[in-house]
Each structure stands twice: as C-alpha cells, then as structure tokens.
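Let's read this model together, one feature at a time. Have the structure open as we talk.

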Amino acid sequence: MEPDKAKMAEHFINAIPHCKALNMRLTGIGAGQAEMELPYDKRIVGDPETGVLHGGAVSALMDTCCGAAAMCHPSSPSGTATIDLRIDYMRAAMPGQNVRTKAECYHITRSVAFVRATAYDDDDSRPVATATGAFTVQGK
Amino acid sequence: MARTRPEPVQVVKQRRDAAMSALVHGVPYINFLGIEFERRGDELTAILPFDDKLIGNPLLPAIHGGVTAGFLETTAVIGLAWSGLWDDIESGRISLESLTEGHLPRLPKTIDFTVDYLRSGLPRDAYARARVNRSGRRYASVHVEAWQDQREVLFAQATGHFLMPSKDE
C-alpha cells in the first residue's frame with residue numbers, strides 16, 4: 001500500500017479526541033489491516049470490585065481499529081463510518097494489562113467494507129473479545 | 001380491614017434515588033463518559049451530556065462510535081440491573097447503607113452487543129432507554145434506543161445478551 005495512505009490513516013486516528021482521551025495508540029497499519037493498543041486506566045474500569053475494564057472502552061478500541069483497517073484498504077478512497085458492529089465478549093481482560101487489537105478488512109465493495117477484529121491482553125492464546133462490522137466506503 | 005399506610009413519598013424517592021446513584025456513580029467508566037440517569041417511577045432515561053472528549057470524527061464533528069456503543073451498553077446493563085433490583089429496593093432487602101458504602105450488587109455481564117448506527121451522533125446531548133425483552137434466571141436479552149433532539153429520530157439502536165449474576169453471589 002502507498003505509504004501516503006498509511007500516513008494519512010495514522011494522522012487521522014491520532015487526531016480523534018476520544019482516542020486521545022483514552023490514550024489509544026496505533027501500533028501497526030498496512031493494506032486493509034490495523035493494530036491498536038489501549039493502555040490500562042483506572043478511569044475506564046467497569047467493575048470497581050475487580051478493576052476489570054468496561055466493555056465500552058474495548059468497543060471504542062475495536063471500532064476505531066476496524067475503521068482504520070477499512071480506511072487503509074487499497075480499494076478505499078478515504079473516510080469511513082460504522083454501519084454496524086457486533087462485539088462478543090469472551091472473557092474479562094486482566095486488570096492492569098493493556099488491551100491490544102488487530103483488525104482486518106477482509107472484503108470490500110464500492111459501498112461497504114467488511115471488517116473483523118480480535119482483542120487480547122497479555123495472553124495471546126485466549127482472546128478477550130472479537131468484533132465483526134460493516135463500514136461505509138466514502139468518496140468514490 | 002386496616003390497610004398499612006403508604007410510605008411518605010419523600011422516603012420512597014430518597015431510597016430509589018440513592019440506590020440509583022450508588023449503582024451508577026460506583027462505576028468509573030460511567031463517570032468518565034459523564035452518563036447520568038433520570039428516573040420516573042421504574043422508567044429510566046440515560047443521558048450523555050456532550051463533551052469534546054467524546055468526539056470520534058473532528059471534521060464533522062460526530063460522537064465516536066465506541067462512545068455510542070459504551071453509552072448504549074451502559075444503558076442496557078443499568079436498565080437490566082435496575083429491573084432486577086427493584087423488588088429488593090422496594091422491600092428494603094437491599095439496605096441503603098450498604099449501597100452507599102459501595103457494596104454494589106453484582107452487575108450482569110455482557111455476552112454480546114450489536115450496535116446499529118443509524119445516523120452520525122451530533123455534537124449535543126444524547127438520550128437512551130433500554131427495554132428488557134427477556135430476563136431469565138441465567139440469560140437476558142435487552143434492546144436499547146438512542147436519540148438526540150427528536151425522540152422519534154433514533155441515531156443508534158442496539159441489542160445485547162447478558163449473563164445474569166447468580167443470586168447467591
């Protein structure tokens with residue numbers, strides 16, 4: 001993929017206020033693929049007794065990562081928006097550990113990008129959550 | 001036959017509002033997003049006051065899809081927990097003291113959550129209401145609707161399945 005597109009996607013992700021508020025980082029981007037990380041943060045805990053992160057913060061991470069994967073697909077001209085996103089929660093992320101996610105745009109048409117993603121904590125063998133979504137393909 | 005006199009309205013309201021506040025304000029993520037709940041009897045409306053940190057697309061600007069998902073999921077979980085707690089709060093089985101001391105009841109766990117993004121979330125307050133379509137001993141299914149300026153014009157809706165906390169936990 002053209003380095004310009006990766007740069008553009010990276011620039012776009014880093015300019016998202018909500019991602020900045022959660023200190024999300026883009027850790028990898030390629031043709032139709034993206035990787036992001038969400039640092040553990042007490043402000044976004046969903047269960048105060050165990051310190052487990054809230055599903056909403058994981059949703060924000062996976063939604064952003066899926067959007068980035070859709071945007072940087074070679075057939076995607078520019079921007080994107082979520083049409084729908086389903087998240088399956090396999091288990092609670094370990095308190096204190098960062099959540100990492102990898103998203104892949106596995107099919108794209110003139111109007112729709114189909115994306116899936118998996119999220120992990122420090123244990124790569126057991127996913128925390130998976131996501132599947134449809135995204136708009138804009139500006140053609 | 002003598003009827004027991006109903007409790008004074010302030011007593012009832014105070015108990016319900018304190019229980020609601022303990023449930024909502026005990027969760028850091030809910031406070032981070034700034035979500036509040038308004039209660040009319042047992043009906044809840046979740047409110048997400050707009051804030052710059054909720055923006056996902058700075059060009060439009062629009063609320064982040066992840067924020068919308070988090071807002072709807074919170075509305076579903078609190079709505080579900082509230083409908084399950086109602087009888088315990090009304091009968092006094094759950095004491096206000098224990099709630100305000102931070103002994104929160106176990107919340108339902110999300111199994112899956114699907115959000116339907118109908119239009120972009122505008123930079124203004126958002127509202128949501130949950131409907132518990134089925135709540136069994138172990139599983140529950142909840143639908144949520146969210147809108148901004150006009151009640152009939154939804155900007156997102158969601159369906160989720162939840163694992164209910166076991167009663168003896």
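Q: How do I tell which strands pair?
A: Two strands pair if DSSP finds at least two bridges between them, and strands themselves are DSSP runs of E with at least two residues, while helices are runs of H or I with at least four, both numbered from the N terminus. Here, β2(B) pairs with strand β6 (residues 126-135) of chain B in the antiparallel sense, over 3 bridges. In that pairing, Ala46(B) stands opposite Ala128(B).

Q: Before we go on, what kind of model is this, and how is it numbered?
A: It is a predicted model, where local features need pLDDT of at least 70, side-chain atom pairs count only at pLDDT 80 or more, and totals for chains, interfaces and linings use all residues. Residues are numbered from 1 along each chain as its sequence is written, with chains lettered from A and ligands numbered from 1 in the order in which they are written.

Q: What does β2(B) pair with over 5 bridges?
A: That is strand β1 (residues 36-40) of chain B, again in the antiparallel sense. Arg39(B) stands opposite Leu44(B) of β2(B). The hairpin has 2 residues between its strands, and Gly41(B) takes a positive phi near 60 degrees there.

Q: How do I read the burial of a helix such as α1(B)?
A: Count the other C-beta atoms, placed from the backbone, within 10 Å of a residue's own: 20 or more means buried, 12 or fewer exposed, and in between partly exposed. Helix α1 (residues 9-25) of chain B has buried residues Ala19(B), Met20(B), Leu23(B) and Val24(B). Seen down the helix axis, they fall within an arc of 125 degrees (taken from the directions from the axis to the C-beta atoms), so they line one face. The face turned away carries the exposed residues Gln10(B), Val11(B), Gln14(B) and Asp17(B).

Q: How many residues of chain A are in contact with chain B?
A: Residues are in contact if their C-beta atoms, placed from the backbone, lie within 7 Å. By that rule, 29 residues of chain A are in contact with 28 residues of chain B. The elements giving two or more residues to chain A's side include α3 (55-71) and β5 (82-89) of chain A.

Q: Which strand of chain B does β5(A) pair with?
A: β5(A) pairs with strand β5 (residues 109-117) of chain B, in the antiparallel sense over 5 bridges. Look for Ile87(A), whose bridge partner in β5(B) is Phe113(B).

Key:
Two residues are in contact if their C-beta atoms, placed from the backbone, lie within 7 Å.
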